[in-house]
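The structure comes before them.

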Amino acid sequence: MKILIIEDEPEIARFLQQGLSEEGFTVSWEANGKKGLERAQQEAFDLLLLDWMLPELSGIEICRSFRKSDSQTPIIMLTARDTSADVVEGLQAGANDYIRKPFHFAELLERIRVQLRSTSPSAAKALLRLGDIEMDLEAHTVYKSEQVVQLTKKEYALLEYLLRHPGRVCERAQILDSVWDSNYNYNEGIIDVYINNLRKKLDDPNQPSFIETIRGVGYITRSHEA
Ligand code: CA
């Protein structure tokens, strides 16, 4: 699970980074609001931890801009402000939850877990769609132009990961971590094998692949439908 912290106080950021890494999260940190927003829009994170007062762009502004293109990734605001008007403003801007500074790490961790649970596969919408590719999560079935496509377990898991992050760069290490058991050292080349299988089974002839390779980085999944 990948978390982006946007926080300009290095001590708090380091504290969070260390604590969350120990809990098994992959943690990235940006100290500047504008850079933080760019990063949140470019990479696929599972959750954003957002400070309120930041250089260049406030947490609220980041939240509003981010929500224009992403309504699902949970956002938790970290705030020293605690009047109810501020809290309402944060929630209206699209934050899912907030926590007041100073906070106990255990409480933050619990709130993060609650957010991640509520977006977990069982709670998320049961259908993922990209162009004419459809994944029915309850029936565990994939359709291409309404025809069932047989996928192996790993192909299915990889496709699910990609369809959950459309239009975003999915890094190879991140895919490996989410789709393959991270307790084993797999060679990242294994991803290419499965990506190629998905392309063979799901691409349209005479069209660019729905999975675009970003050389040296990873993949972006897009629909080429008009
Ligand atoms: Ca701050």
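Burial, fold and calcium site

Of the 226 residues of the protein chain, 46% count as buried, where buried means under 20% relative accessible area, exposed over 50% and partly exposed in between (1.4 Å probe, protein chains only). This is a predicted model, in which local features need pLDDT of at least 70, side-chain atom pairs count only at pLDDT 80 or more, and totals for chains, interfaces and linings use all residues. Residues are numbered from 1 along each chain as its sequence is written, and side-chain values use heavy atoms, with hydrogens and water left out.

Q: What radius of gyration does the protein chain have?
A: The radius is taken over C-alpha atoms, and the globule rule is 2.2 Å times the number of residues to the power 0.38. For 226 residues, a compact globule would come near 17 Å. The value for the protein chain agrees with this, at 19 Å.

Q: Which protein donors does the calcium ion have?
A: Donors are N, O and S atoms within 2.8 Å of the metal (3.2 Å for Na, K and Ca); water is not among the atoms, so sites may look incomplete. The protein donors lie 2.1 to 2.4 Å from the calcium ion. Along the chain they follow the spacing D-x42-D-x1-M. They are Asp-8 (OD), Asp-51 (OD) and Met-53 (O).

Q: How many residues apart in sequence are the parts that Asp-8 and Met-53 tie together?
A: Helices (H or I, at least four residues) and strands (E, at least two) are DSSP runs, numbered from the N terminus. Asp-8 lies in the loop between strand 1 (2–6) and helix 1 (10–22), and Met-53 in the loop between strand 3 (47–51) and helix 3 (59–69). The pair therefore ties together parts whose separation in sequence is 45 residues.

Q: Is Met-53 buried or exposed?
A: Asp-8, another donor of the calcium ion, counts as partly exposed at 28% relative accessibility. Met-53 has a relative accessible area of 55%, so Met-53 is exposed.

Q: What is the relative accessible area of Asn-206?
A: Asn-206 lies in the loop between helix 8 (189–202) and strand 11 (211–214). Its phi is near 65°, a positive value in a residue other than glycine. Asn-206 is exposed, with a relative accessible area of 83%.
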